[in-house]
Amino acid sequence: MSAAVGAERPQVVSHVQQALSYTVFDCKWVPRSARLLCLGSAARGTGIIQLYELHGGRLELLREIEKPKPIKCGTFGATSLQQRYLATGDFDGNLNIWNLEAPELPVYSVKGHKEIINSIDGVGGLGIGEGAPEIVTGSRDGTVKVWDPRQNDTPVANMEPVQGESKRDCWTVAFGNAYNQEERVVCAGYDNGDIKLFDLKMMSLRWETNIKNGVCSVEFDRKDINMNKLVATSLEGKFHVFDMRTQHPTKGFASVSEKAQKSTIWQVRHLPQNRDVFMTSGGSGSLHLWKYEYPAQRSRKDSEGSEMGVAGSVSLLQNVTLSTQPISSLDWSPDKKGLCVCGAFDQTVRVLIVTKLNKV
Amino acid sequence: MPVWLREHSWRQTLTAVYLSLPLRGARATPANIFCSEQYLKVSVPPFLFEAILYAPIDDTNSTAKIGNGNIFFTLYKKEHAMWDSLTLANADKEKLQYLRENAVLKAHEKAKEETEAKKITKQDHKKYALEATMKVEEAERKRIEDLKEKERQKVAEELELWKNQQKDGDKYMSIQKKGELHQETEPLKERKSGKVSKTRIPNEGTSKTRLKSTKGHGSCSIFSQDLKEEQLPAPRAAATIKVNFTPRVFPTALRESRVAEEEEWLHKQAEARRIINSDLSELEDLKEEEKNPDWLKDKGNKMFAMGDYLGAVNAYNLAVRLNNKLPLLYLNRAACHLKLRNLHKAVEDSSKALELLTPPVADNEKARVKAHVRRGTALCQLELYTEGLQDYEAALKIDPRNKNIEKDAEKIRHLIQGTMQSS
């Protein structure tokens, strides 16, 4: 593992820090703006959505919205750029889509799951990708459901355990492979280390594997291209990068894994402007910036003549410790390269700037 | 008694005295020379030379050169005057003694002063060195801080700039929205421009499209109509995908697994199998198969099933003699003893079985339940109801779903309450 040369390494500069009076579970940039959202749970058991704007060296609170149930996760992935509706999943299993200009009543609401929605992702909106706007939610009740905001009450796809099977918590979901109107895949990570890849066009399970430790976060490097890479992070400090271009009939996808630190890696997020750079956030309050290098040949033939992928290598560009508590959420700004926000369990949200990403 | 050296020779000038002292073959080192203001002594055992000088000298600057079997002293006078003789002439013993002591004292003091002075200089040097390093480190730190600050400021400026651009962009967006009411194709162009330039500032995007619209006017409008309809595909047909989860030997993820204990249990079992207590004289009488504890255990089980409890006990006994680490032997023998109403033996055997069934893992659950139940039964039949109840409850803890155990436990509780009431 080689690190970049000293003076040219990207630096993580802490720009603003904001103390909050509630536990923040997710933080997201509002697309096409210098505003960010914090979603969380107040001490009295209600959900909070706060809208901040970056103003000079401070975060200015523009709006605070309180909801009856604590909110766990949110995404802008499935809305159009003008509307910018926020889809949230809460502790009760409700999926709601809010218009932040008029947040009293949700634009769309469904009690999607019986238990807390752990993770949510959206695709088809924001001018990225093609096809129908869809939202996928993964919940502790072991099911992964895909919703279309135009269809009420029933999900358009439901990935649930076979009858009688004991369920495993689904901890994370991600969309990918949305390069044309029909193709779409959903990747889900579970607490027993299962990673499952569902093909929504064929409505079938395309691939599954088990990485022994619970999967905290999965993300494709880009949602809107032919699936290229998938990063899955897990407990006990390990993450795996899968090369998704070549699927071997028995061995699946090739992967490289790296052990970053002793604690859980809570999130992985790829830089929107460079799909080979990603940041992982850890349970020890640290952030690591990684770069993936492709191998000389991405695929080769194995002994039977079937194509097999070759995984590349990962190198650490920079790491920084910001907090003593886990950093549970991370989001890059899609508009400004290197601008990111992270929320930690020490009830602070931090805006960071990563410099010198042009030279990476 | 030292040998006095008296063959010295000396000469003098106004400022100095030069004394030459032959050493008669002895070797001298600087340690052997002792000199103070008015007293000079050279002691190279067994030789000794001593002189009370005529007048005081400057002992710090005076020198002594040792070489060639000779010591050559250069003594600088304090007062520039010619001496009558090298030493004081009429020096009586007391004066000599006094002078000597004085000299020694003076020398001591001087030495002390010197060391003090040295110490002080050393400390000063150290302090200086420390300060110097501190300064260097400070400078380094400051440099890094400055770099960071500069970065921060640069970045903050860029951010402000970008933010303002966003604001302008938003303004344009809102103006456009109003324009929507008049022109239906507007939102379409927005989407197109959004697709073309994902992270460009809306400003530029919208101005581009304005140009576009004027260029390909006719075809553009037809296109836009079609695109709008194909814009979003219909919602997917609802479907379900059934999943299976990776079956696990332990029902929880790696970190919660009791791998260590399971390993231990397997290990123990493997060990137990290998033990052969071969120090039996009757072994030769036995047939080959009768020496195999497993075979004996099976034999015992068959006899138990047929009702031949004594035979079963015999089989188990022999098996135990061959290998006393197999918990199942004790467990089964306990069952036999229960049937034979050898209650104490049943208790003993169940206890031995339980001992061997540590560590408690999923594998030996059933065996442990049986052991507890058998011991409980034996104890109850011995009228030790409370102990028996304890065992039943332990069994229930391992296997809470077993209705029989529950019923029996209830019965025992009633019995206990009954006896308590009557007593």
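Which residues of chain B does UniProt place in the feature "coiled-coil region"? In the unreviewed entry of that record, the feature covers residues 130-165 of chain B, and in the model shown here, which is a predicted one, this span is 100% helix and 0% strand, with its end C-alpha atoms 52 Å apart.

Between chain A and chain B the count of salt bridges is 2. The size of an interface is often given as the accessible area lost when the parts come together. Here chain A and chain B bury about 4700 Å² between them, and 55% of that area lies on carbon and sulfur atoms. On the side of chain A, Arg32(A), Gln82(A) and Lys336(A) supply 14% of the area buried against chain B, which is more than any other three residues give. Counted by contacts, 65 residues of chain A touch 46 residues of chain B.

Further along chain B lies the largest nonpolar core, which has 24 residues, and the members that touch the most others are Leu296(B), Ala312(B), Tyr316(B), Leu329(B), Tyr330(B), Leu331(B) and Cys336(B). Two or more residues of this core come from each of the chain B helices H5 (259-274), H6 (293-306), H7 (309-322), H8 (327-339), H9 (343-356) and H10 (365-381), and H7(B) gives the most, with 8 residues. In soluble globular proteins, nonpolar side chains tend to be buried together.

H7(B) itself has 14 residues and reaches 20 Å from its first C-alpha to its last, close to the 20 Å expected at 1.5 Å a residue. Its buried residues include Ala312(B), Val313(B), Tyr316(B), Ala319(B) and Val320(B), and what covers the buried residues of this helix includes H6 and H8 of chain B. Leu331(B), another of the core members with the most partners, is in contact, once its neighbours within four places in sequence are set aside, with Ala353(B), Ala367(B), Lys370(B), Ala371(B) and Arg374(B).

His8(B) counts as partly exposed because its relative accessibility is 30%. Beyond its neighbours within four places in sequence, His8(B) is in contact with Leu19(B), Ser20(B), Leu21(B), Pro22(B), Phe49(B) and Leu86(B), while its C-alpha atom is separated by 9.4 Å from that of Leu23(B), 15 residues apart from it along the chain.

Notes. Residues numbered from 1 in each chain as written. Chains lettered and ligands numbered in written order. Predicted model: local features only at pLDDT ≥ 70, side-chain atom pairs only at ≥ 80, totals over all residues. Heavy atoms only, no water. Core = buried A, V, L, I, M, F, W, Y, C linked by side-chain atoms within 4.5 Å. Buried < 20%, exposed > 50% of the residue type's maximum accessible area, 1.4 Å probe, protein only. Helix = DSSP H or I, 4+ residues; strand = E, 2+ residues; numbered from the N terminus. Contact = heavy atoms within 4.5 Å. UniProt positions renumbered as here; feature names shortened; annotations may be inferred. Expected span 1.5 Å × (residues − 1). Buried area = accessible area lost by both parts, 1.4 Å probe. Salt bridge = Lys/Arg side-chain N within 4 Å of Asp/Glu carboxyl O.
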